[in-house]
Amino acid sequence: MMKLTTKLIAVLLTTFVAATSTAGEITHRSFASETLGRDYAYNVYLPDGYEDGDLRYPVLYLLHGSFGNENDWVVKGRMQLTTDRLIEEGRIPPAIVVMPGGKSWWVDGYNEAAGTAFFKDLIPHIDARYRTIATRDGRVIGGLSAGGYGTVNFVLEYPGMFAAGAALSPASYVPLPPRSSSAYEHPAYLNADGNFDPAKWKSLNYTAHLDGYKAQDVVVPLYINSGDHDEFDIAYHSAVLYQLLREHQPDAVEFRVVDGDHEWKVWIDTLPEAMEFVFSYTSRPRGIAPEN
């Protein structure tokens, strides 16, 4: 009888926890981008309670990798499970997560002006449509591989836009990508003859923004990681990036080398730490200011 009662209690407890756990909602949307001349697709995660409340929330822009799309972090990266759990455990505040889709490496490449569209079209659209904290203290960014590359570029070129960044296995190669990199096949870097343009790469890479970033006063805390067996030697290139930033902002840059290759296991396993890092620099959700 005691065993049956214990089992019954366990079942009831499990049911109660499942029924009371918080869960956000992911929606796929798009809007007309004037810069791109096409629809700009994205997925957006809204935290539990968003629809019924009036709070404004911090926003994480989460970028996909080379030849990826807005569904990667949702389907392959399990971001909803991670985000729900971190919010429920109080490790990050309730937040909005935007996962945009792009056909470039988040740069104004030969194929499209993805960098310009991100700032001119996407961010204003998100701030207008959703209850965001539409200031620097309410906006952070992260991404994997080419999305990590985009993250590094964006925070260095536009430090006034982001409270923090997280670059997971960033494809931020100096001076050029390894021959095995998909950058050599990506239309963002292919000139009119269909050849990879080294000058284009160098003009768009983070090294083009580093001096300007260091010359101004705003510091953007950055989390960087890589798998120790990354096939593109990103652990080495990330270490170079880390050292360059550590000399400038020793207390506002973190670097992790974890077990793994250039793979989803690394990004799924390290997303929680990355999210905790960036959201530690944002405002918490807050009420809408009353009109005067």
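## Strand β5 and its two faces

In this predicted model, the residues of strand β5 divide between two directions, with I96, V98 and P100 pointing one way and V97 and M99 pointing the other way, and all of them are buried. In a regular strand, the side chains alternate between the two faces of the sheet.

The strand, which spans residues 96-100, is accordingly described as mostly covered, five of its five residues being buried.

## Pairing partners of β5

Strand β2, formed by residues 38-46, runs antiparallel to β5 and is joined to it by four bridges. Within β5, M99 is the residue that stands opposite N43.

Strand β4, formed by residues 59-63, pairs with β5 in the parallel sense, and three bridges connect the two. Here Y61 has V98 of β5 as its bridge partner, and V98 belongs to the group that points one way from the strand together with I96 and P100.

## V152 in helix α5

V152 is part of helix α5, which covers residues 146-157. Because its relative accessibility is 0%, and buried means under 20%, V152 counts as buried.

When neighbours within four places in sequence are left aside, the contacts of V152 are A167, P170, S172, Y206, L222 and L241. A further relation concerns G142, which lies 10 residues from V152 along the chain, the C-alpha atoms of the two being separated by 8.6 Å.

Methods:
Residues are numbered from 1 along each chain as its sequence is written. This is a predicted model: local features need pLDDT of at least 70, side-chain atom pairs count only at pLDDT 80 or more; totals for chains, interfaces and linings use all residues. Side-chain values use heavy atoms; hydrogens and water are left out. Buried means under 20% relative accessible area, exposed over 50%, partly exposed in between (1.4 Å probe, protein chains only). Contact means heavy atoms within 4.5 Å. Two strands pair if DSSP finds at least two bridges between them.
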